[in-house]
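I began with the contact and then turned to the sheets.

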2 protein chains.
Amino acid sequence: MKPQILILTLSVLVAFVVHAGSEKAPERGKDLQAVYRAGSQGSFDGPAEYFTGNVHVDLVFPANESAHYSGAYVTFQPGARTAWHLHPAGQHMIVTSSVGLTGTRDGKIIEFKAGDTIWCPPDIDNWHGATPHAPMTHLVLTGVLDGKNVIWKEKVIDEQYNGK
Amino acid sequence: MKPQILILTLSVLVAFVVHAGSEKAPERGKDLQAVYRAGSQGSFDGPAEYFTGNVHVDLVFPANESAHYSGAYVTFQPGARTAWHLHPAGQHMIVTSSVGLTGTRDGKIIEFKAGDTIWCPPDIDNWHGATPHAPMTHLVLTGVLDGKNVIWKEKVIDEQYNGK
């Protein structure tokens, strides 16, 4: 190849690379948004070690590097509830169906219904579940701190659940 | 009062105060959990500057010092959608009724239905709304960064909404 042709070829190549690098190409092939389809994230029954009664968990979305909380629908059959536990980074609970109950160590029990939200701050012992009379579903949004999102404690006995 | 009786009285008083101070008294009177009742956080119609069509926003819960995201139900009538916008700390969208649409600058439009979640990462331009055929409601969980949760841009024209 003659030197002039080589230089011309290299110039065109350099110009092309510089242009391609500076252009804001649409990012086809890279997903800009993530989609978590209903039922795709797994589900399981609440283990007897941490729950009383029948409880079902449907995972909705995982925590990520920007949003340090995960989402899950949790359904309790009548009388079912969690054990005592705390969340190192807190938890929001939004009732999506029926009426829920949540209690704290001071003996206070709050009834919350579809559309109501409870915020349990970090490191506060609580429990939550259905009333004795009907199933309840809530969406829980659970903060993650240093890889941990819950610390489980002892079961909630009937006297505590009934507020006696 | 005789000196012996005075000393005894003081001793009992000191013992009582020390005991009371070291005891973990239940925090009655202080609310351990926060409750946000349905409808208590305010609601408004989406302003025409930022939305096309009829859109209604029901605030659910505010961000707090531990959980840097707020929650709101947003309902779009058929054909309604947001303007282009980005969220500096990202946003989760969980469809709670019917079918939604969301688009990005690469021309990709995703259809997502009740139970599906979309994660829009920080600083990605997107829009979301109903299909042309039915109303849609989703719960949006919007991250807050340095006091900002959204940056609005231009309206989404019909060609973009229709993916043409």
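Entry 1, the contact. I counted the residues on each side and found 41 residues of chain B in contact with 41 residues of chain A. The model is a predicted one.

I next asked which strands of chain B supply at least two residues each to the side that touches chain A. They are strand 1 (34-36), strand 4 (55-61), strand 5 (69-76), strand 8 (91-97), strand 9 (99-104), strand 10 (109-113), strand 11 (117-120) and strand 13 (136-143). Strand 11 of chain B gives the most, with 4 residues.

I looked up strand 11 (residues 117-120) of chain A and found it joined to strand 1 of chain B by 3 bridges, the two strands running antiparallel. For A:Thr117 I noted B:Tyr36, in strand 1 of chain B, as the bridge partner.

I traced an open sheet of 7 strands in the order 1(A)-11(B)-8(B)-13(B)-5(B)-4(B)-2(B), with antiparallel pairing. At its edges I found strand 1 (34-36) of chain A and strand 2 (43-45) of chain B, each of which pairs on one side only. I recorded an average twist of 20° from one strand to the next.

I checked strand 8 of chain B against strand 13 of chain B: 6 bridges join them, and they run antiparallel. Here B:His92 has B:Leu141, in strand 13 of chain B, as its bridge partner.

Terms used. Residues numbered from 1 in each chain as written. Chains lettered and ligands numbered in written order. Predicted model: local features only at pLDDT ≥ 70, side-chain atom pairs only at ≥ 80, totals over all residues. Contact = placed C-beta atoms within 7 Å. Pairing = 2+ DSSP bridges. Axes fitted to C-alpha atoms, helices over the stretch in contact; angles between N-to-C directions.
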